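Here is a briefing on one protein model. Please keep the sequence and the structure open as you read.

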Amino acid sequence: MGFFLILGGILGYNYYQKIFGKAIIKETVLYVDVSDSLVDVKEKISHFSNKPNTFLWVAAKKNVSKFKKGRYVLKEGMSNNDLINMLRSGWQTPLKISFNNQDTIEKLAGRISQQLETDSISLLNAFTDKKFLSVNNLTKKSVLQIFIPNTYEFYWTVSPEKFRAKMLVSFKRFWNETRLQKAKALKLNKEEVITLASIVHKETAQEFERPIVAGLYLNRLKKGIPLQADPTIIYCVKEVNGQDFVVKRVLNIDLEINSPYNTYKNRGLPPTLIAMPDISAIDAVLNPTKHNYYYMCASVDKIGYHEFAKTLTQHNRNAAKYQRWLNRHRINR
């Protein structure tokens with residue numbers, strides 16, 4: 001009798017351990033694809049489980065034949081029972097998605113697809129869907145404005161449409177009453193602010209310079225002077241030659257490109273943003289530095305910065321100095 005009690009205890013303990021005993025030996029991330037079978041998942045967990053051989057047995061006991069695709073964070077000490085319940089129910093852990101300043105909607109789709117289960121083509125199709133654009137008064141060129149560079153939480157399996165919807169909500173939330181009132185004081189709407197911010201962002205990488213640059217362009221807008229912003233010319237050149245075309249120097253012939261984005265030939269702001277501005281560039285436009293500058297030129301004394309001028313005579317001296325520097329370093333394009 002005692003022998004059977006001991007045997008029953010051993011069998012019961014082994015049974016319990018298979019189901020509820022510690023299986024996961026270290027925290028890790030598990031990706032389950034839609035095509036993965038139970039055996040495929042078992043092979044994936046074998047690298048961080050001390051009970052991979054009993055995993056399928058427990059799944060069979062729980063009548064599980066398929067797991068939901070997803071990104072799962074497995075905690076150290078989880079049992080086969082915990083693991084199977086998680087995978088069967090699709091209890092994913094969200095991940096942080098981030099993107100910086102992308103020049104085009106195509107590049108943004110590529111950046112996001114590197115972090116989610118979906119592909120860049122599906123994302124691009126969702127971003128440029130005709131109905132979505134029409135309902136939200138957007139175009140294929142202006143839709144880039146709803147994506148504010150930041151870090152967001154998503155499930156790995158989020159659909160392109162749900163990703164797009166969350167970005168639109170975040171964009172509307174970003175444009176709170178305070179920012180809208182600042183835009184109104186500048187006699188600009190939020191689309192115009194973003195367009196100008198995209199130019200400011202491309203003009204300088206120095207955050208402390210951005211309010212100065214924004215103030216300069218606002219001064220020119222108020223006076224009805226063409227912006228003559230080189231970043232818009234580079235945008236035009238890339239539209240002609242492709243996004244991978246490198247422009248280190250704007251040439252006089254570039255200024256003749258016939259495009260509504262050419263701010264040397266056209267007064268006012270271009271039709272849409274020319275790239276994705278970050279928050280510092282947007283807020284620089286909303287909080288510009290007040291000054292009497294109307295001209296700017298890249299500095300040769302402090303590379304990466306600019307020389308600002310109030311008069312054309314002063315600017316011409318700065319520009320001539322910069323042109324000599326370009327020639328000396330043989331930067332022809």
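The notes below cover a strand pair, aromatic pairs and charges over rings.

The model is predicted. It holds eleven aromatic pairs.

- Strand β3 spans residues 95-98, and its side chains alternate between two faces.
- Leu95 and Ile97 share one face and are buried.
- Strand β4 covers residues 151-154 and pairs with β3 through four bridges, in the antiparallel sense.
- Leu95 has Phe154 of β4 as its bridge partner.

**Aromatic pairs**
- Among the eleven pairs is a tilted one between Phe55 and Phe67, with 5.8 Å centre to centre and 45 degrees between the planes.
- Phe55 belongs to helix α3 and Phe67 to the loop between α3 and β2, so this pair ties together parts twelve residues apart in sequence.
- Phe55 and Phe67 are both buried.
- Phe127 and Phe147 form another tilted pair, at 4.8 Å centre to centre and 55 degrees between the planes.
- Phe127 sits in helix α6, and Phe147 in the loop between α7 and β4, 20 residues apart.
- Phe127 and Phe147 are buried too.
- Ring pairs join Phe127, Phe147, Phe154 and Phe163 into a cluster. Phe154 is also the β4 bridge partner of Leu95.

**Charges over rings**
- Arg164 places its charged end over the ring of Phe132, 4.2 Å from the ring centre.
- Lys302 lies over the face of Tyr305, at 4.4 Å from the ring centre.

Terms used. Residues are numbered from 1 along each chain as its sequence is written. This is a predicted model: local features need pLDDT of at least 70, side-chain atom pairs count only at pLDDT 80 or more; totals for chains, interfaces and linings use all residues. Side-chain values use heavy atoms; hydrogens and water are left out. Buried means under 20% relative accessible area, exposed over 50%, partly exposed in between (1.4 Å probe, protein chains only). Two strands pair if DSSP finds at least two bridges between them. Rings of Phe, Tyr and Trp (its six-membered ring) pair if their centres lie within 6.5 Å; planes under 30 degrees apart count as stacked, over 60 as edge-to-face and the rest as tilted. A charge sits over a ring if NZ of Lys or CZ of Arg is within 6 Å of the ring centre and within 35 degrees of the ring normal.
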